Amino acid sequence: MTSYGPVSPAASPTWQPFAGAPAPAGPPPPAPRRADMALVLAVIGFVVLGVIALLVAAYLLVAVGPVASAIAAVMALVPLAVVVWVIRWIDRWEPEPRAALLFALLWGAAASVGIALVFSFITQIVQAMSGVQQGLGTAFLSTVVQAPLVEEGAKGFGVLLLFWAFRRHFDGPVDGLVYGATIGIGFAFTENIQYFGLALVDSSAGGVGEIFFLRGILSPFAHVMFTACTGIVLGYASRRAGAGGAIGWFVVGLIPAIMLHALWNGAAFFVSDFYLYYAVVQVPLFLTGIAFVLFLRRDEQRVTRTRLAEYAAAGWFTPLEVGLVSTPGGRAAGRAWAARFGLEQAFTTFTRDATRLAFARQRVVSSRDRIGAQRAEADLLDALRHDRAALAAMPPFPMAPIG
C-alpha cells in the first residue's frame, strides 16, 4: 500500500482547457533563504571550474603550442556540436536547468581532465623514482586499467555532485543520462584538442585526417556512452535513494562505465583490424544505447501521463490537457494551435511547468526528498495558475482528448 497522500483538489474542478481559468493567487511566494546560499555555492563552483579551465588551457598551450591548439579546438568543435545537439534532443521532454548543464560541460572539459592529468603526472613520477621501465606492460596498465578507472571516476563524480546540488531537477535516468553525456562530451572536447593538436605537430595531413576520422566521426559518442552509464544508474537512484545512499549507486554506476572504457582502450592491444572490431563490437553497443535511450524517453512520457492523471482526477487538469502535455503529438498540436494566437511561448511554459509538476509528484510517490518535492509541488501549482491566466485568451482547443 502506498503511503503518499492524495493530490489536493483544485479550487475549480470544472476548468476548461486554457479558458476561464481563475485569477492567479497573488505573486509567487518569495524564494527561501537557502536559495541565496545555493546561489553563493554555485558562483564559487563556477569560479573554481573557471580557474581549473584556465590551467588546463595553459597545459594545452605548452604541450601542443598556441597555433596547433587553436586549429585543434576548431576541429574539436565539430563532434562537440553534433553530440550537444543530440543531448538537447534527448533532454527535450523535461529540460534540465541550463546552469546545471553548463556546470556539467565545464566539469567534463576542465575538472575531470585536470584530475586525470594530475594522476598521470603522479604515475610518471612514481615510475621514474622506482626505476620502472616503459614498455608494453606499463602501457597496458596505463591505458586499459588506470585511464578508465581515473577518468570515469573523475567524470562520474561530477554527476554525483549534480545529483546532490540539483536534487529538485534530478528526477530519473534520462536526467542522469543527460548530465553524464554532457560531462562526457566536455571531457572528449578537451581530449580531442590534445589529440588533434599533437597530430598537427607530429604527423602529416593524412595522419591528422585519420585521427579526426577516428575520434571526430567514428567515436564522438565514446566518452558520452561511458559516463552516461554512471548517470543512468544515479538517475534510477534518484527515485529510490537519499543523498547518502547515492554513493553506493554511484559505485555501481562506475562499473559499466569503466568496463566499456577499458573495452574501447583495449582494442589497441588485442585487435589487429580496428575497423572490423568497430563494426562487430562498437556499432552494436551504440545501437543498443540508442534503443535504450528511446525506451527511457517513452518512460518519461509514461510518468508524465500517469502523474498528471492523478491531478486530473482532482480537477487540476482536464483530460485534454493531460493528452496535450504527455504525448509528443499533443505537444506539437498544442504549440501549433497556440502559435496561431501568439501564445506559443505561454503554451511552452505551461507544458514545462506541468511536466515538472508530474516529476515532483513522482518524487513524492517514491518517498524521495518528500519535503522538497511537496514544496516544489506547491510552487508549480501556483505557477500553473499564472500559466493558465496567460492562456485564458486562447480559444478552446478544437479536438477531443488526446491518447
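**Close-up 1. Asp171, a buried residue in a predicted model, and its partner Arg363.** Asp171 has 3% relative accessibility and therefore counts as buried, the cut-off being under 20%. This view, like the others, comes from a predicted model. Asp171 forms a salt bridge with Arg363. The closest N and O atoms are 2.7 Å apart. The pair links distant parts of the chain, 192 residues apart. Asp171 sits in the loop between helix 4 (136-165) and helix 5 (173-202). Arg363 belongs to helix 12 (residues 344-365). Arg363 is also buried, at 3% relative accessibility.

**Close-up 2. The salt bridge between Glu191 and Arg215**. The closest N and O atoms of this pair are 2.7 Å apart.

**Close-up 3. Arg361 and Glu377 meet in a salt bridge**. The N to O distance is 3.9 Å. Arg361 is in helix 12 and Glu377 is in helix 13 (residues 370-391), so the pair ties together parts 16 residues apart in sequence. Arg361 is buried, with a relative accessible area of 4%. Glu377 is buried too, with a relative accessible area of 13%.

**Close-up 4. A salt-bridge network that includes Arg361 and Glu377**. Arg307 and Glu310 are linked with Arg361 and Glu377 in this network. Across the whole structure, a search finds 10 salt bridges. Among them are Asp171 with Arg363 and Glu191 with Arg215.

How values were computed. Residues are numbered from 1 along each chain as its sequence is written. This is a predicted model: local features need pLDDT of at least 70, side-chain atom pairs count only at pLDDT 80 or more; totals for chains, interfaces and linings use all residues. Side-chain values use heavy atoms; hydrogens and water are left out. A salt bridge is a side-chain nitrogen of Lys or Arg within 4 Å of a carboxyl oxygen of Asp or Glu. Helices (H or I, at least four residues) and strands (E, at least two) are DSSP runs, numbered from the N terminus. Buried means under 20% relative accessible area, exposed over 50%, partly exposed in between (1.4 Å probe, protein chains only).
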